[in-house]
Amino acid sequence: MKKALQLLYRFFTGRLFRNILFWSAFFNLQYNNIQSHKVYDDKWYWLFVLITNSLAIIYTYTNNLYLVPRFLVKKKYGNYFIRVIPLIVVFSIVYTMVLKVIIGYFPLIQIHQISPITSPVSKGWTISDFVYDAGWYAIGWAVWLLLLTGAWYMNYFQRIQKDSVKALRDAELMVLEAN
């Protein structure tokens, strides 16, 4: 029983649970946005929210589970920025394309109903329209990445602090036992 309680405690205070809570709240926020000014059937909104949020999840975890631990934590700042800037640019282009396709087929959908980061998206596919739209999304997604990288670091330093306290306590116990 004690072991089961410890496992539950570790789960509810762990990173996985915090991530589940974050993305649940995130989807709930999108649900509230969908409820305003609906024109199309709910299934379409949910499909588009699933697509845009899945892209956001892939984007976030590419950074937080691959780029940050591999480069930023090891203080390879140049390598990190060489990889994160193309990630932001490519992601913003793909994201803008997805939104342009959606509003092309569903012109009455409002972007804030389906996208976690919102900026007006023009219906035009000219290079200037596309660069303008993708540029605004690049700024929004760069800020997003900055915030969630900060959250990653808070978790990382909390884990290091716990490990340091445990190592210090173990060392003190060894000294006390030796005396």
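The count comes to 24 aromatic pairs, where rings of Phe, Tyr and Trp (its six-membered ring) pair if their centres lie within 6.5 Å; planes under 30 degrees apart count as stacked, over 60 as edge-to-face and the rest as tilted. This is a predicted model, in which local features need pLDDT of at least 70 and side-chain atom pairs count only at pLDDT 80 or more, while totals for chains, interfaces and linings use all residues. Residues are numbered from 1 along each chain as its sequence is written, and side-chain values use heavy atoms, with hydrogens and water left out.

Here are two of the pairs.

| Pair | Centre to centre | Angle of planes | Class |
|---|---|---|---|
| Tryptophan 23 and tyrosine 61 | 6.2 Å | 55° | tilted |
| Phenylalanine 91 and tryptophan 141 | 5.0 Å | 85° | edge-to-face |

Tryptophan 23 sits in helix 2 (residues 15-34) and tyrosine 61 in helix 3 (residues 42-72), 38 residues apart; helices are DSSP runs (H or I, at least four residues), numbered from the N terminus. Phenylalanine 91 belongs to helix 4 (residues 77-105) and tryptophan 141 to helix 6 (residues 127-178), so their pair ties together parts 50 residues apart in sequence.

Tryptophan 23 is buried at 9%, phenylalanine 91 is buried at 9%, and tryptophan 141 is buried at 0%.

These residues also belong to one aromatic cluster, whose members include Trp23, Tyr61, Phe91 and Trp141.

Technical notes
Helix = DSSP H or I, 4+ residues; strand = E, 2+ residues; numbered from the N terminus. Buried < 20%, exposed > 50% of the residue type's maximum accessible area, 1.4 Å probe, protein only.
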